[in-house]
Amino acid sequence: MREQQQRTIGDGLWLGVRAVVYAVVGGAALVAIATVASVLGPMVALDLYTPAVAAWWTVFTAITVQGVPFLLLGTVVSAAIGAFVPERVFTRLLPRNQALAVPVAGAAGVVLPGCECASVPVAGSLMRRGVAPAAALAFLLSAPAINPVVLVATSIAFPGQPEMVLGRLVASLATAVVMGWLWVRFGRERWLRPPRRSEPAGLTGPRAFAAGLQHDFLHAGGFLVVGAAAAATFNIAVPRSVLELFTDSPWLSVLLLAVLAVVLCVCSEADAFVAASLTGFSPTARLAFMVVGPMVDLKLIALQAGTFGRAFAVRFSAVTWVVAVASSVVVGWWLL
């Protein structure tokens with residue numbers, strides 16, 4: 001009996017290790033395919049061999065390569081939560097009152113050093129483990145925006161400007177909490193498709209981890225590619241001369257950078273350096289770029305649509321964008 005248990009544990013551990021290896025190899029393969037495509041794409045584009053096409057492949061590859069490692073991190077965390085963390089853990093950590101659980105979950109976003117690609121599968125896993133959707137959504141928004149890696153990167157990008165770091169922390173956390181409370185008050189169950197995973201019955205421990213990792217990584221990876229393609233298309237289709245028309249107006253500049261944050265799909269660990277380079281824009285506009293980007297961008301919308309349903313993604317992303325812009329303006333007026 002004991003030998004059989006040891007053999008079962010050994011087989012489960014082996015499956016878990018093999019799943020991680022497969023996920024790493026799969027991620028590396030996706031990066032390699034995108035890289036090769038970026039090099040060979042313009043060469044096989046026939047009469048479309050133009051600098052614009054080459055630039056499209058470059059942007060597409062950059063977004064994909066940037067997102068895959070954090071997507072892998074998120075799916076590993078998601079699978080680990082589903083396989084090894086009992087549901088009672090979350091019911092004990094989070095208050096039963098959803099209004100109180102939302103700020104607690106939002107503040108807990110500091111524990112996941114990843115970008116928005118990682119937060120979606122983790123939030124889906126939390127919902128599957130019984131966490132209230134409002135709390136899981138607050139975590140989804142805050143995790144890529146207020147974790148220590150992002151805040152340190154912001155301080156490096158804006159040396160001698162601690163108010164920019166504080167402004168990003170306050171505005172991002174406020175947006176996550178407000179969106180959680182709005183879901184408590186106005187959210188409808190029919191808008192949110194509960195994230196489900198089709199697993200063979202009886203899987204537990206390492207076997208459940210392996211199945212969950214495989215499902216989440218393959219499922220979310222496809223939507224990451226779709227979002228990257230959409231962002232690359234916008235980068236090439238909109239001329240820079242059009243963007244420069246908005247820099248003279250402080251209000252229009254805020255709206256412009258908030259829209260750019262959606263379509264550029266810059267990872268939250270790198271967006272501070274992009275914002276710092278936009279010297280022609282006001283500090284509040286650059287703050288809006290850093291607050292909106294980790295919460296609403298094309299690849300994140302695609303990931304949300306694939307995980308929670310298109311109806312949810314459209315409503316949630318639109319309202320989040322408005323709340324994030326308003327929060328950035330208020331915090332920018334207060335601190336910057």
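Predicted model: local features only at pLDDT ≥ 70, side-chain atom pairs only at ≥ 80, totals over all residues.
User: Let's start with α4. Which of its residues are buried?
Analyst: Helix α4 spans residues 98-107, and its buried residues are Ala101, Val102, Ala105 and Gly106.

User: Where do they sit around the axis?
Analyst: They cover an arc of only 130°, which puts them on the same side of α4. An α-helix has 3.6 residues a turn, so residues three or four places apart point the same way.

User: And what do those buried residues pack against?
Analyst: Two helices: α6 (133-146) and α8 (162-186).

User: What caps the N-terminal end of α4?
Analyst: Asn97 does. One of its side-chain oxygens lies 2.8 Å from the backbone nitrogen of Ala99.

User: Over to Ser142. Which helix is it in?
Analyst: Ser142 is in α6.

User: Is Ser142 buried or exposed?
Analyst: Buried. Its relative accessible area is 0%, and the cut-off for buried is under 20%.

User: What does Ser142 touch, not counting residues up to four places away in sequence?
Analyst: Ala105, Gly106, Gly109 and Ala176. Ala105 and Gly106 are among the buried residues of α4.

User: New topic: Ala324. Where is it?
Analyst: In helix α15, residues 310-335. Ala324 is buried, with a relative accessible area of 0%.

User: Which residues is Ala324 in contact with, leaving aside neighbours within four places in sequence?
Analyst: Thr175, Val291 and Val292.

User: What separates the C-alpha atoms of Ala324 and Leu173?
Analyst: A distance of 9.8 Å. Along the chain, Ala324 and Leu173 are 151 residues apart.

Note on methods. Residues numbered from 1 in each chain as written. Heavy atoms only, no water. Buried < 20%, exposed > 50% of the residue type's maximum accessible area, 1.4 Å probe, protein only. Helix = DSSP H or I, 4+ residues; strand = E, 2+ residues; numbered from the N terminus. Arc of directions from axis to C-beta. Contact = heavy atoms within 4.5 Å. Polar contact = N/O pair within 3.5 Å; in protein donor to acceptor, adjacent residues only side chain to side chain.
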